[in-house]
Amino acid sequence: MSHDRVAIVTGAFGGMGVAFTRKLLDEGWRVARFDLRQAIDAAPPTNDDKRVMVAACDVADYASVERSVAAVRERFGKVDAVVNGAGIVANIASIAKMDPAKWAWELGVNLSGPFHMIKATAPAMAASGWGRFVNISSQAAQVGLRYQSAYCASKAGLLGLMRVVVAEYGHKGVTCNTLLPGLIATPKVLGMPPEILQRAVEGIPTGRPGTVEEMAEMAAFLMTDKAGFINGASIDVDGGRHVQISDLTRKRQ
Ligand SMILES: NC(=O)c1ccc[n+]([C@@H]2O[C@H](COP(=O)([O-])OP(=O)(O)OC[C@H]3O[C@@H](n4cnc5c(N)ncnc54)[C@H](O)[C@@H]3O)[C@@H](O)[C@H]2O)c1
């Protein structure tokens with residue numbers, strides 16, 4: 001498949017980011033991989049694909065985002081799409097005990113990060129008449145995860161941000177959609193203590209964690225021309241975890 005479109009993936013050296021990059025390359029995109037310097041330095045050297053560039057970028061810092069987006073325009077000439085994948089859990093603590101600095105850090109990466117990326121790229125996409133944003137939120141946007149107020153608030157905030165992107169850019173050929181993953185089998189997730197992992201899997205109707213490839217399939221589809229009428233959607237990619245299941249029979253069949 002060959003076209004000349006350019007995508008930025010943030011958090012591109014993380015569990016999902018690697019899969020997003022691979023899938024978009026398979027689909028013919030040129031890809032700019034944004035991540036923190038330490039994540040890039042920790043990655044094993046890759047082959048020298050001319051369709052890939054790497055930028056050390058802290059999405060929480062708008063100056064860093066502006067510099068990195070400028071580097072993409074310098075190298076590839078434009079930006080047609082952004083997958084906002086960078087995200088962190090900085091903080092597991094009750095509201096009473098949560099350090100406000102850590103709250104601000106988590107909001108800075110998970111919510112201000114996508115805002116910075118959209119601010120730096122949406123006007124040029126609108127001017128070109130075509131653009132795609134895919135934000136990676138979480139089931140945490142929909143539920144109250146105890147002791148994760150910053151994570152839940154930041155991931156729910158992404159839905160509000162998406163709706164404004166739709167309102168401001170929908171008539172310019174730009175779409176913005178949000179994926180709400182449940183448990184996805186990234187290296188970090190697979191490294192969780194087995195009893196916690198098992199408990200998490202028990203709550204998934206499909207009976208297993210999702211794969212990073214399943215996330216990448218959905219993100220890549222939303223970035224095609226075929227998905228041009230899907231705008232402002234929040235899509236659960238969670239094996240049915242969000243469904244409230246009632247069982248009045250107490251019997252397994
Ligand atoms: N894995 C899951 O089960 C799961 C579930 C729900 C939501 N998510 C969300 O999916 C996204 C990807 O998650 P993942 O599992 O691949 O996580 P990951 O930790 O493997 O990767 C996240 C990447 O983001 C990068 N990053 C962190 N702070 C950054 C910053 N300030 N600027 C730029 N990059 C930064 C990290 O270096 C890392 O490479 C995240 O937004 C996460 O919240 C993951």
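What share of the 253 residues of the chain count as buried? In this predicted model, 40% of the residues of the chain are buried.

**Figure 1. Overall view of the predicted chain.** The chain comprises eight helices and seven strands. Its C-alpha trace spans about 60 × 40 × 40 Å along the principal axes. A compact globule of 253 residues would have a radius of gyration near 18 Å, and the value for the chain, 18 Å, agrees with this. Among contacts in the chain with a separation of 6 or more, 71% join residues 24 or more positions apart.

**Figure 2. Close-up of the shell around the ligand.** The ligand is surrounded by 28 residues, the closest being Gly11, Gly14, Ala39, Gly87 and Ser138. Two or more residues of the shell come from each of helix 1 (15–26), strand 2 (30–35) and helix 6 (187–190). Helix 1 provides the largest share, three residues.

**Figure 3. Close-up of helix 5, residues 149–169.** The 21 residues of helix 5 reach 30 Å from the first C-alpha to the last, close to the 30 Å expected at 1.5 Å a residue. Its buried residues are Ala150, Tyr151, Ser154, Lys155, Leu158, Leu161, Met162, Val165 and Tyr169. Viewed down the axis of helix 5, these buried residues fall within an arc of 130 degrees, and therefore they line one face of the helix. Gly160 and Ala167, on the other side of helix 5, are exposed.

How values were computed. Residues numbered from 1 in each chain as written. Predicted model: local features only at pLDDT ≥ 70, side-chain atom pairs only at ≥ 80, totals over all residues. Near = placed C-beta within 6 Å. Helix = DSSP H or I, 4+ residues; strand = E, 2+ residues; numbered from the N terminus. Expected span 1.5 Å × (residues − 1). Buried ≥ 20, exposed ≤ 12 C-beta atoms within 10 Å, placed from the backbone. Arc of directions from axis to C-beta. Rg over C-alpha atoms; globule rule 2.2 N^0.38 Å. Contact = placed C-beta atoms within 7 Å.
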